[in-house]
Amino acid sequence: MAPDLRQDFNMMEQRKRVSMILQSPAFCDELETMIQDQLKKGKTPTSLLALQQIADFMTTSMPSMYPAAPQGGMAALNMSLGMVTPVNDLRGSDSISYDKGEKLLRCKLAAFYRLTDLFGWSELIYNHLTVRVNSDQERFLIVPFGLLYSEVTASSLVKINVQGEIVDRGSTNLGVNQAGFTLHSAIYAARPDVKCVVHIHTAAGACSK
């Protein structure tokens, strides 16, 4: 594996591990113990009270047992913990610039990213799912580079042109992996009838449209 790919892969794995630790009952118990010890010593700074509120929230939101994530990634774990970010987060002024058709496409693609993670198809990096927004202007939707599939929402998707240049950044400040879109753009250019391209790296290896 190339050094830059290995570094990106390691960073994503570290991020997943940190998320799992923060959401685990063991971490909550340790946090609660630390807070109680400090309170017994008479130390009640604002930061400690804030930690107490966080611990209370996490404890009341956490199920009695910490289920192992089934096949899949953080989406499966978050679902089991009741911590699912809504796929359709297009509300108010955020959705004014999108017509009804694009809103629906954004929701469908975001849901597709969640399902991809849930079924364990996001094991490696540089996987991409894209859709063609329209044929007239050749606009496409893709995940922001650096966002986990379990974090994708309708508003976070980035709109790009066939060259991979950003047209609408969405609700994040993240960019896109233009090199990763090269395969997609070639397929879209050769096949105007294709509406969606799926490129994933699983243990078995798969590339489909």
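Is Cys-107 buried or exposed? I looked it up: Cys-107 is buried, because its relative accessible area is 18% and buried means under 20%, exposed over 50%, partly exposed in between (1.4 Å probe, protein chains only).

Notes on the model: it is a predicted one, where local features need pLDDT of at least 70 and side-chain atom pairs count only at pLDDT 80 or more, while totals for chains, interfaces and linings use all residues. Residues are numbered from 1 along each chain as its sequence is written, and side-chain values use heavy atoms, with hydrogens and water left out.

Cysteines: I checked Cys-196 too, and it counts as partly exposed at 22% relative accessibility. I found zero disulfides in the structure (a disulfide being a pair of cysteine sulfur atoms within 2.5 Å).

Helix 6: I went to residues 178-190 next. Helices (H or I, at least four residues) and strands (E, at least two) are DSSP runs, numbered from the N terminus. Helix 6 bends by about 30° at His-184, the bend being the angle between axes fitted to the seven residues ending there and the seven starting there. His-184 is also buried, along with Gly-180, Phe-181, Ser-185 and Tyr-188. What covers these buried residues includes strand 1 (128-134), strand 2 (139-142), strand 3 (158-161) and strand 5 (196-200).

Thr-172: I found this residue in the loop between strand 4 (166-168) and helix 6. Thr-172 counts as buried because its relative accessibility is 16%. Leaving aside neighbours within four places in sequence, Thr-172 is in contact (heavy atoms within 4.5 Å) with Pro-144 and Ser-156. A polar atom of its side chain lies 3.2 Å from the backbone nitrogen of Leu-174.

Definitions and conventions:
The expected span of a helix is 1.5 Å times one less than its number of residues. A polar contact is a pair of N or O atoms within 3.5 Å; within protein, one must be able to donate a hydrogen and the other to accept it, and residues adjacent in sequence count only if both atoms are side-chain atoms.
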